[in-house]
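Please walk through the following structure with the explanation below, which moves from backbone features to helix packing and then to aromatic side chains.

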Amino acid sequence: METEQPLVRISVRNLVEFILRSGDIDNRAGGADKDAMLLGGKIHRKIQRRMGADYHAEVAMKMEIPCRGFILSVEGRADGVIETPSGIVIDEIKGIYKELELLKEPVPVHLAQAKCYAYIYASQQSLEEIGVQMTYCNMDTEDIKRFQSVYQTESLKEWFLGIVGQYEKWARFQIEWREKRNASIREVHFPFAYREGQKKLTAAVYRTIERKKKLFIQAPTGVGKTIATVFPSIKAMGEGLGEKLFYLTAKTITRTVAWQAFETLRDQALRMKVIVLTAKEKICFCEETECNPDACPYAKGHFDRVNDAVYELLTTTDAISREVIEEQAEKWKVCPFELGLDISTWVDAVICDYNYVFDPNAHLKRFFGEGNKGDYLFLIDEAHNLVDRGREMYSARICKEDFLKIKRLVKTEDVKLGKRLEECNRQLLSLKRECDGCQVLNSAGNVYLKLVSLMGEMERFLEECDREEIRKEVLELYFDVRTFIGVYEVLDENYMIYSELGGDDKFYLHLFCVNPAGRLKEYLEKGASTIFFSATLLPIHYYKKLLSTVTDDYTIYAESPFDTEHRLLMLGTDVSTRYKLRGTLMYRKYAEYLLKVAEAKAGNYIAFFPSYRFMEEVYEEFLALLEEKGGDVEYVMQSQYMSEEAREIFLENFEEDRKNSLMGFCVLGGIFSEGIDLTEDKLIGTVIVGTGLPQVCRERELLRQYFDGQGVKGFDYAYLYPGMNKVLQAAGRVIRTDEDRGVILLLDDRFADRRYRETFPREWASYSFCNGENASEKIRKFWESEKED
């Protein structure tokens, strides 16, 4: 009996863009990705509706080509099939901002798409020849320019099969590799003895993937949530329940933990190709990331060499780290950042920052661009960070003064551009006159229309301008305008529009994404299943509301495997970080608490503060106390804008052996309050100063106002929950393994308030209150009892 041959699918667009690319990377043209600006397909639909009864829009096409050992399916949708008296014409529509008279011929890759559709249609309809029409529409004026040609089906066939032939080795690699990968997955087992609750967690992840749902996991530090999510996801992929795994995180340290999970499974002979993507600024070989052939030798001829570089690496390496990418890029003289993106197309798992999936300006368009989707599995680590990151990615703003600045730069060189900039400036000036500090608006439609008109002139100017210093300034505004237009197109009830006079005396117009769940949904729906997990995903209803739009997502609370007897949790309620109570006396009280903690048992401690200013005030009092009492506690303080090297040096202090205590001074919510892993006696206590509430500001007040209007507690959504998340994260630095013992001291009178304590995780059920008088005794008793154990 004949076995069914494997099927490899590829879209027409991806096929031609992959095989036919050549030449240099050159991002000097303003519209580096003009297709991304197609206004959500509106221009397509508008043109299609005008075309009459003989025009058939969005015609699905597919051709299956038998290859040795598999079938290649080339698929897509032609924008239009036109029945004319002289025959069939395939129409391909593209929206651009460039002036149409500057376009002398179709863009080769656009024409190639149309020719693919033409061959598929002509072949299936037994046509001897077929017409191709390229329709370009200016996004500002809506003027149209068309290029028409006629092709013999035989010549199209030879051309089409030539492209398919070049792709065949890549498709064969996919098929053969997947067989090897799946065979290895079947042999892999969970690499450790299951901790309490961990088996339940892995089963929940697998079931969620199997049912194509979303799961929210609240898993305390030390549960082992990384391996408990990665392992069942890999098993699911081996069963055909997922095509590619994206492990998404906001911090470098958690990417390292994810990489280690795959390495652990690789010890069991797992064959999976895994890549870690690094930001362009970090991996670029040049001092400045100028992506053009004049400034960067790796950009020159990049596309002529990159496919060979990718294929060689894929067929020789499974673990594709930053170092591996850099070495391969150097060897082939290609851009390391773009090389990494290309490799990601072919691997089984991608470890990367959130923005590679969710940011409309930075996402991997090959997976998450318009019309693309797949059976992707999303593992979203430290998911509590995605709320604010989502708001940031989906919001936009423009500054009135930027338009004036660019107008002055170009007014003598380009009158048309200067005029468009002045029109935008006038619209913003009108809003400024109505604004008394901050004003919520119902619409910004007039500004939007002027910005759309401006885009075309900026596109033209950027292509023509040869003065690099002016070009850079214009390009910066161009990107702001492009982002603003893109966001304005998708405004809905989850946004607030507001204008403000900033503290810098500049006037801003904001499109503020209050609830990012709807925008995140656009990208999550491009995959099959999503697992959100964090040690601090509380309260769960808050995160479900802001990260998902459906009500039937699964949730699981993984119980802590650690004995709570080995941790002392105390709430100090005779101190406060409220502004009206701040002063030397209060800073002194906090310093006294720190000294009591440090003197109760020699060891390493970190105190977390609500701001640098507050930290520095307490630090000064702490030093004064040490001088008065002759204490021998060592200390180290976080500074603002620390480099990666400085961070490493700071953490090395906690690795050293010492007889005395070490007190680290850090900022709550900063780089050391989550993600760092100081196990056993490297850290035996944290002191958390304040409730972590964000500072009162316009956006926080707008959030409060918005959620009050939604019928939920606006203060909680804008301040309480984000603040307490920082507290829980910082506290989680202490107990990370079975051997860990430690003290957690929460210092603020607000912790006595029921609303704050309701956000505590289950494992914090046993806590006690303390004050400056009895704290020392309670801490000493705890450490004595631990010694007896």
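Helices (H or I, at least four residues) and strands (E, at least two) are DSSP runs, numbered from the N terminus. The model is a predicted one, in which local features need pLDDT of at least 70 and side-chain atom pairs count only at pLDDT 80 or more, while totals for chains, interfaces and linings use all residues. Residues are numbered from 1 along each chain as its sequence is written, and side-chain values use heavy atoms, with hydrogens and water left out.

With these elements in place, Ser126 can be located in the loop between α3 (108-124) and β5 (129-138), and its phi is near 55°, a positive value in a residue other than glycine. Ser126 has a relative accessible area of 65% and is therefore exposed, where buried means under 20% relative accessible area, exposed over 50%, and partly exposed in between (1.4 Å probe, protein chains only). Asp505, in the loop between β15 (495-501) and β16 (507-513), likewise has a positive phi, near 65°, in a residue other than glycine, and with 68% relative accessibility Asp505 counts as exposed. Another backbone feature is the peptide bond from Leu538 to Pro539, which is cis with omega near -10°; Pro539 belongs to the loop between β17 and α20 (540-547).

Strand β17 (residues 529-534) contains Ser529, which has a relative accessibility of 3% and so counts as buried. Leaving aside residues up to four places away in sequence, Ser529 touches Thr208, Ile209, Lys212, Lys213, Tyr376, Leu377 and Phe378, contact meaning heavy atoms within 4.5 Å.

How do helix α24 and helix α25 pack, and at what angle? Helix α24 (residues 698-709) and helix α25 (residues 714-731) meet at an angle of about 135°, with their axes 5 Å apart; axes are lines fitted to C-alpha atoms, for helices over the stretch in contact, and angles run from 0 to 180 degrees between N-to-C directions. The two helices α24 and α25 are therefore oblique to each other, given that angles under 35 degrees count as roughly parallel, over 145 as roughly antiparallel, 65 to 115 as roughly perpendicular and the rest as oblique. Arg700, Glu701, Leu703, Arg704, Phe707 and Asp708 of α24 make this contact with Gly714, Phe715, Tyr717, Ala718, Tyr719 and Pro722 of α25.

Phe707 also takes part in an aromatic pair with Tyr706, edge-to-face at 5.0 Å centre to centre and 85° between the planes; rings of Phe, Tyr and Trp (its six-membered ring) pair if their centres lie within 6.5 Å, and planes under 30 degrees apart count as stacked, over 60 as edge-to-face and the rest as tilted. Both Tyr706 and Phe707 are buried. The structure holds 43 aromatic pairs, and in one of them the rings of Phe190 and Phe192 have centres 6.4 Å apart and planes at 80°, so this pair is edge-to-face. Phe190 is buried at 8% relative accessibility, whereas Phe192 is partly exposed at 46%. One aromatic cluster is formed by Tyr587, Tyr590, Phe609, Phe614, Tyr619, Phe622, Tyr635 and Phe665.
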